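Here are a few friendly notes to read alongside the model. Please keep it open as you go through the points.

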Amino acid sequence: MTINISEVFNGVLKGARSLLVTALVQLTFFRLNSYFIARREVGANRLASTEQFTPYVDAQIQARVVKVGLMQIVLYDHVKGLFHVKSRSGRTHRVNLHEKICTCGKTLIYGFPCSHIISARQHRCVDFHSFVEGYYTTKSYYDTWAPLFYPIFNEDEWHLYDGTVIVSPKSMRRFGSGRPKSTRLHNEMDVREGKTLITCGLCKQLGHNRRSCKNRNEVR
């Protein structure tokens with residue numbers, strides 16, 4: 001199993017695993033730079049257009065607003081904002097607007113209001129955007145991608161290194177020729193893009209060729 005952050009790294013490094021170390025570092029650097037430039041431009045455009053939240057949150061909230069018309073709302077305490085909201089499936093959830101809590105738990109998990117809280121807020125004619133966490137704002141999105149990468153100097157312009165020289169211990173040295181055998185678990189990142197299976201010219205089956213065909217005598 002993997003987590004989202006590891007999938008992010010896999011997406012950046014996909015197709016670069018077989019490169020040399022220096023080429024891998026260069027590819028990672030330039031690919032990250034392109035990611036930051038594209039997302040920084042998106043954040044700047046949304047700031048200029050006074051968009052309050054990221055496109056993801058806008059789409060999620062809009063999808064939840066559509067569900068509001070199908071819900072039944074009962075008010076219990078106007079001061080504390082206590083409601084129970086019944087969805088179309090018949091399930092009832094308790095909403096506390098004062099504490100920003102709904103028993104469905106989605107608001108706490110995702111950081112923006114669930115459809116039950118949105119329905120309760122609309123029932124009181126109060127804006128529900130205060131329930132969206134600050135890291136979903138356009139300003140936070142822009143600040144995330146604001147750091148800049150700087151051009152790399154030519155190698156002849158590099159400063160001479162005068163730090164500690166690290167020498168690998170002899171026990172870590174690999175003896176023998178050829179690429180060492182990998183012991184890691186493979187996933188979709190290791191699948192070569194555009195790879196096609198061999199088709200036999202005799203029996204038309206996949207996975208082998210005419211020379212290694214076991215059905216050669218039967219086909220003849």
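1. The sheet here is open and has four strands in the order β1-β2-β3-β4, with antiparallel pairing. At its edges stand β1 (72-77) and β4 (101-102), each with a single partner strand, so one side of each is left without a neighbour in the sheet. Strands are DSSP runs (E, at least two residues), numbered from the N terminus, and two of them pair if DSSP finds at least two bridges between them.

2. A word on the source: this is a predicted model, where local features need pLDDT of at least 70 and side-chain atom pairs count only at pLDDT 80 or more. Residues are numbered from 1 along each chain as its sequence is written.

3. Have a look at β2 (residues 82-86) and β3 (residues 92-96), which are antiparallel and share five bridges. Phe-83 has Val-95 of β3 as its bridge partner, while His-84 sits opposite Arg-94 in β3.

4. Five residues lie between β2 and β3 in their hairpin, and Gly-90 in this turn has a positive phi of about 95 degrees.

5. On to the end of the sheet: β3 and β4 run antiparallel and are joined by two bridges. Val-95, the partner of Phe-83, also stands opposite Cys-102 in β4.

6. Which residue in the turn between β3 and β4 has a positive phi? That residue is Lys-100, at about 55 degrees, in a hairpin with four residues between the two strands.

Terms used:
Heavy atoms only, no water.
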